[in-house]
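Biologist: Could we go through this model together? I would like to begin with the overall picture and then turn to details.

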Amino acid sequence: MCIRDRYYLGQQVAELRRALEVMRSISGHAEVQATAVAVFIAVGDRQVSRDEDARPIARECLLADPHAALPLVRAHGKAAWARELIPQLERLVTGPAQVDYADPAALPAALRAPAPAKTKFPEFWNVELLPPLMLASGKAVPSPHLGALVVALRADDAAGLRELRDAADRKALAQFGWELFQLWLQGGAPPKEKWAFTGLGALGNDETARRLTPLIRAWPGESQHARATLGLDVLGQIGSDVALMMLNGIAQKLKFKGLQERAREKMHEIAQTRGITAEQLADRLVPDLDLEDDGSKTLDFGPRSFRGGFDETLA
């Protein structure tokens, strides 16, 4: 986007923000949600300065009247911003999920007691907007105990988070972590609360790595190099073959050379902990496609079968 386009976009968003501030002071104004959606359409997922960003106020307006906002946001369901907002609006419309809650005594130690009364939660923390945190037992962590997860993530309680991973439904835990991360982003990504981002390393899975990688690749172009570097650490902490394959992809090809070099360093660090070279680690991450040792594969179609393969040039 050229300087002129950025200027006109800034003017447009500033006008929408002023309109929202006026309209939301008038209870029940019918145009509030439509104007809030217009903000997201105009800005999309672009990085803008916190002082100029109208999305937080637009999001507040949408969440304040979810029944009116939900169909408007669903109309743009293919946009990334809408895909993240729709589940939050749906939870506000339908109310708490109908699940069985675990007995506190059966919870992992880090969540067994609610967060201390003196705990100060960030503004973006809202359990009503988050999915249930399901355990492997099929029961959910009671809402009053979810605040203890904030305490554990802030403290980087490795042992407590490891026990939680062992006890949780891993897919549900990863989804909970991702949506918490989205609340952090939507809340302006306050640096002092970056645990909601780095916590993806402890809570995430392969799907987390796949969803995070495009953001990491884009952030340097949005003046968010430091955030992208943290993202590399998150991929490394997830540590699965898929996560490391994503990390290696950044190390192999990226137009932002500083981040690419950091990804290479990260691959080297991980390889060292495994007693191998970075090249050996990268080789182990290449999908084998279930090929035989000679690079061939038999495709069986009942009465007929075909055998194909690759040579050293992958031809």
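Biologist: What percentage of the residues of the chain count as buried?

Modeller: Of the 315 residues, 41% count as buried. Buried means under 20% relative accessible area, exposed over 50% and partly exposed in between, with a 1.4 Å probe and protein chains only. This is a predicted model, in which local features need pLDDT of at least 70, side-chain atom pairs count only at pLDDT 80 or more, and totals for chains, interfaces and linings use all residues. Residues are numbered from 1 along each chain as its sequence is written, and side-chain values use heavy atoms, with hydrogens and water left out.

Biologist: How many helices and strands does the secondary structure come to?

Modeller: The chain has 15 helices and two strands. Helices (H or I, at least four residues) and strands (E, at least two) are DSSP runs, numbered from the N terminus.

Biologist: How many residues are in the largest nonpolar core?

Modeller: That core has 80 residues, and Val-73, Leu-212 and Ile-216 have the most contacts inside it. A nonpolar core is a set of buried Ala, Val, Leu, Ile, Met, Phe, Trp, Tyr and Cys residues joined through side-chain atoms within 4.5 Å. In soluble globular proteins, nonpolar side chains tend to be buried together.

Biologist: Which residues does Ile-216 touch?

Modeller: Leaving out residues up to four places away in sequence, Ile-216 touches Ala-228, Gly-231, Leu-232, Leu-235, Ile-250 and Leu-259. Contact here means heavy atoms within 4.5 Å.

Biologist: Val-73 was also on that list. Which residues of H3 does H4 meet?

Modeller: Leu-62, Leu-63 and Ala-64 in H3 meet Pro-66, Ala-69 and Val-73 in H4. By class, this contact has six nonpolar, no polar and no charged residues. Ala, Val, Leu, Ile, Met, Phe, Trp, Tyr, Cys and Pro count as nonpolar, Asp, Glu, Lys and Arg as charged, and the others, Gly among them, as polar.

Biologist: At what angle do the axes of H3 and H4 cross?

Modeller: The axes of H3 (residues 55-64) and H4 (residues 66-74) cross at roughly 115 degrees and come within 6 Å. Axes are lines fitted to C-alpha atoms, for helices over the stretch in contact, and angles run from 0 to 180 degrees between N-to-C directions.

Biologist: Is H3 mostly covered or mostly uncovered?

Modeller: H3 is mostly covered, with seven of its 10 residues buried. Among them are Arg-55, Arg-59 and Cys-61.

Biologist: Changing topic, how many aromatic pairs does the structure hold?

Modeller: There are eight. One of them joins Phe-121 and Trp-125, stacked at 5.9 Å centre to centre with 15 degrees between the planes. Rings of Phe, Tyr and Trp (its six-membered ring) pair if their centres lie within 6.5 Å; planes under 30 degrees apart count as stacked, over 60 as edge-to-face and the rest as tilted.

Biologist: Is Trp-125 buried or exposed?

Modeller: Trp-125 counts as buried because its relative accessibility is 14%, whereas Phe-121 is partly exposed at 33%.

Biologist: Why does the pair of Trp-184 and Phe-197 count as stacked?

Modeller: The ring centres of Trp-184 and Phe-197 are 5.5 Å apart and the planes are at 25 degrees, so the pair is stacked. This pair links distant parts of the chain, with Trp-184 in H8 (residues 170-186) and Phe-197 in H9 (residues 195-198), 13 residues apart. Trp-184 is buried at 3% relative accessible area, and Phe-197 is buried at 0%.

Biologist: Which residues do ring pairs link into a cluster?

Modeller: The cluster consists of Trp-178, Phe-181, Trp-184, Phe-197 and Trp-219.

Biologist: Now the backbone. What is phi of Asp-156?

Modeller: Phi of Asp-156 is near 50 degrees, a positive value in a residue other than glycine. Asp-156 is in the loop between H6 (143-155) and H7, and counts as exposed because its relative accessibility is 55%.

Biologist: And where is Ala-189?

Modeller: Ala-189 is in the loop between H8 and H9. Its phi is positive, about 50 degrees, although Ala-189 is not a glycine. Ala-189 counts as buried, at 8% relative accessibility.
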